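Student: Hi! I have a structure open and would like to talk through it with you. Could you help me find my way around?
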Amino acid sequence: PDGPLEEDGGSGAGVADDTAEFGLVSVAQGPRLGIGMDSCVIPLRHGGLSLIQTTDFFYPLVEDPYMMGRIACANVLSDLYAMGITECDNMLMLLSVSQKMNEKERDQVMPLMMKGFRDAAEEAGTSVTGGQTVINPWIIIGGVASVVCQPNDFIMPDSAVPGDVLVLTKPLGTQVAVNAHQWLDIPEKWNKIKLVISREEVEQAYQEAMLSMATLNRTAAALMHKFNAHAATDITGFGIIGHARNLAQQQKNDVAFVIHNLPIISKMAAISKAGGNLFGLLQGTSSETSGGLLICLPREQAARFCAEMKSSRAGDGQQAWIIGIVEKGNRCARIIDKPRIIEVPYRGSVVSAQEGSNNNASPPEVQLT
């Protein structure tokens with residue numbers, strides 16, 4: 001199938017986010033978060049501590065196995081980062097080797113994928129201590145991330161208030177970019193979009209998508225504490241509107257999220273239009289993989305959050321955009337009829353690890369909105 005495929009089972013139970021009605025529970029030992037949100041929060045019997053855990057996996061969506069490993073690890077960790085958690089105590093790797101691969105392919109591809117996963121875990125300050133490998137018709141990669149926290153280490157995703165603003169920390173459009181790259185070799189599909197984008201631009205957008213998906217949301221998680229975030233989630237398989245609605249349903253207050261701006265990888269909006277509303281990108285339904293955090297911040301803090309994301313040395317050229325508002329409502333989310341499209345330029349090419357390069361790129365200059 002075309003594009004990133006993901007069923008976001010971040011709650012540690014391998015289930016999709018449409019079971020959100022079972023989300024937040026208040027218990028005597030401390031807050032508990034179950035099926036429906038990014039991670040499960042389980043109060044432990046000892047000293048006010050909580051176990052926070054998440055799992056996720058998917059099929060390969062880029063050609064570079066090393067980058068695929070990094071993307072998979074970043075995607076798993078994002079569920080912790082969405083709760084403002086910056087440290088992970090342990091990771092497990094879930095790996096499926098395709099029975100269609102010959103021995104040579106297996107020996108070349110799988111070690112690179114595993115190395116990418118381990119390298120991203122090391123960058124996150126954690127390590128992979130085990131996991132499970134199986135033989136399957138398809139290649140699958142994912143993992144489990146676990147951490148034991150004190151109450152002030154995490155931010156429950158339920159305290160948005162009217163007057164907050166919505167901030168997004170990665171551009172949208174990864175599904176379109178990955179598919180456009182596949183279509184370079186499929187004439188009937190390439191012919192639909194070639195009038196709005198060049199082959200070189202497709203390659204650049206693909207590299208930008210890979211770089212974005214492989215980038216950890218750890219800096220944003222740390223800044224959530226500094227700037228008093230009220231709630232957050234990560235944008236993955238259900239698109240920005242699906243995850244915004246899910247987050248809105250978890251709120252304690254009667255609020256609604258209204259999205260006015262859509263930061264999108266350059267030219268991906270044009271491809272979506274040329275393809276006949278391809279993947280619903282402009283309607284917010286296009287799947288993302290290892291996307292950014294959608295954060296509810298106090299209005300007076302949001303611009304400083306965005307500025308610090310861009311200037312942070314640890315942020316490695318990351319950005320953030322104010323994309324909407326929180327208003328009084330019935331726990332729903334919507335995108336306005338004609339949202340402003342913010343074209344996010346390409347930062348440069350990603351070269352795979354086997355060629356011995358690093359993937360640092362200079363940040364683009366985009367006006368914060």
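Student: Which exposed residues sit on the face of α9 turned away from its buried side?
Tutor: Those are Glu300 and Ser311. Keep in mind that this is a predicted model.

Student: And which residues of α9 are buried?
Tutor: In this helix, residues 299-311, the buried ones are Gln301, Ala302, Phe305, Cys306 and Met309. Looking down the axis of α9, you find them within an arc of 140 degrees, so they line one face of the helix.

Student: What covers them?
Tutor: The cover over the buried residues of α9 includes the strands β8, β11 and β12, along with helix α6 (218-226).

Student: Let's switch to the sheet. What is the strand order?
Tutor: The order is β9-β11-β8-β12-β10-β13, in an open sheet of six strands with mixed pairing. At the edges stand β9 (231-234) and β13 (332-344); each has a single partner strand, so one side of each lacks a neighbour in the sheet. On average, neighbouring strands are turned by 20 degrees against each other, direction ignored.

Student: How do β10 and β12 pair, parallel or antiparallel?
Tutor: Antiparallel, over five bridges. For instance, isoleucine 259 has glycine 324 in β12 as its bridge partner.

Student: Which strands does α7 lie across?
Tutor: Helix α7 (residues 239-249) lies across β8, β9, β10, β11, β12 and β13, and runs at about 140 degrees to β13.

Student: One last thing: where is serine 266?
Tutor: Serine 266 is in the loop between β10 and α8.

Student: Is serine 266 buried or exposed?
Tutor: Buried, with a relative accessible area of 15%. Leaving aside residues up to four places away in sequence, serine 266 touches Glu343, Val344, Pro345 and Tyr346.

Note on methods. Residues numbered from 1 in each chain as written. Predicted model: local features only at pLDDT ≥ 70, side-chain atom pairs only at ≥ 80, totals over all residues. Heavy atoms only, no water. Helix = DSSP H or I, 4+ residues; strand = E, 2+ residues; numbered from the N terminus. Buried < 20%, exposed > 50% of the residue type's maximum accessible area, 1.4 Å probe, protein only. Contact = heavy atoms within 4.5 Å. Arc of directions from axis to C-beta. Pairing = 2+ DSSP bridges. Axes fitted to C-alpha atoms, helices over the stretch in contact; angles between N-to-C directions.
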